[in-house]
Amino acid sequence: GFSLTEGIIRSGDEIRNIAVRPQANGIVVTVALAPGRFREHLARRRNLSGRTSCGLCGVETLADLPTAEARAGTATAITPVAIAAALSALERHQPLHRLTRSVHAAAWCDRDGRILAAREDVGRHNALDKLIGALAKAGIAGATGAVVITSRVSVEMVQKAAAIGAPFVVAVSAPTALAVRTADEAGITLVALVRGDEFDIFTH
């Protein structure tokens, strides 16, 4: 998911293999890219070493900031009933949160509000990247449903959703002003501050 949202790869077939090595204080994951994709990646002036997958790490100038592509213009509607159903079901997909009360979740629901995939992480960006990776692995197209997140909506979260062509982002918390502008430009319907069957629509 991180490799997709950071533009390191365009699809899973550009990864040759992935090696996972447990360490005393964490896990080292080595991703081997296909030769052509590896050359393109090396040509980018960006250091992706960091502690989170916020989408902005390693950017040297403001001009190098990633931009969300406008891919979501052909989406059909999602109903308020579906939004309420997805949020109501979300807690059942958060076993780690039930244990700790300190992690974020990112989920994917269809147009009827059924959650098809969900991932958790202490970092909201990581949770969303995990979800995007799971969708790619399952062959679920980004345009077929909605991203549902438990965190605030920052610009990076919108950019990650746009990277997979998601037409809807639904959030429990509030968006930043830049996130709203970015969602508007990308054609994403941004729904936030969801409380039961009440919510605010910020774009489209």
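A residue counts as buried when its relative accessible area is under 20%. Keep that cut-off in mind as you explore these close-ups of a predicted model.

**View 1. Arg-124 is a buried residue of helix H5.** Helix H5 covers residues 124–138, and Arg-124 is found in it. With a relative accessible area of 12%, Arg-124 is buried, because the cut-off is 20%. Leaving aside residues up to four places away in sequence, Arg-124 touches His-104, Ser-151, Arg-152, Ser-154, Glu-156 and Met-157. Take Ser-151: Arg-124 and Ser-151 are 27 residues apart in sequence, yet their C-alpha atoms are 6.5 Å apart in space.

**View 2. Strands S3 and S4 run antiparallel.** Here you can follow S3 (residues 104–110) and S4 (residues 115–121), joined by six bridges. His-104, one of the residues that Arg-124 touches, stands opposite Asp-121 in S4. Now look at the hairpin of the two strands, which has four residues between them; Gly-113 takes a positive phi near 90° there. Five of the seven residues of S4 are buried, so this strand is largely enclosed by the rest of the structure.

**View 3. Helices H6 and H7 pack against each other at an angle of about 20°.** Helix H6 spans residues 155–163 and helix H7 residues 177–186, and their axes are 8 Å apart. Their angle makes H6 roughly parallel to H7, and the crossing is right-handed. On the H6 side, Val-155, Val-158, Gln-159 and Ala-162 make the contact, while H7 brings Leu-178, Ala-179, Thr-182, Ala-183 and Ala-186. Seven of these contact residues are nonpolar, two are polar and none is charged.

Conventions
Residues numbered from 1 in each chain as written. Predicted model: local features only at pLDDT ≥ 70, side-chain atom pairs only at ≥ 80, totals over all residues. Heavy atoms only, no water. Axes fitted to C-alpha atoms, helices over the stretch in contact; angles between N-to-C directions. Parallel < 35°, antiparallel > 145°, perpendicular 65-115°, else oblique. Left-handed = near helix turned anticlockwise from the far one by under 90°. Contact = heavy atoms within 4.5 Å. Nonpolar A, V, L, I, M, F, W, Y, C, P; charged D, E, K, R; others polar. Buried < 20%, exposed > 50% of the residue type's maximum accessible area, 1.4 Å probe, protein only. Pairing = 2+ DSSP bridges.
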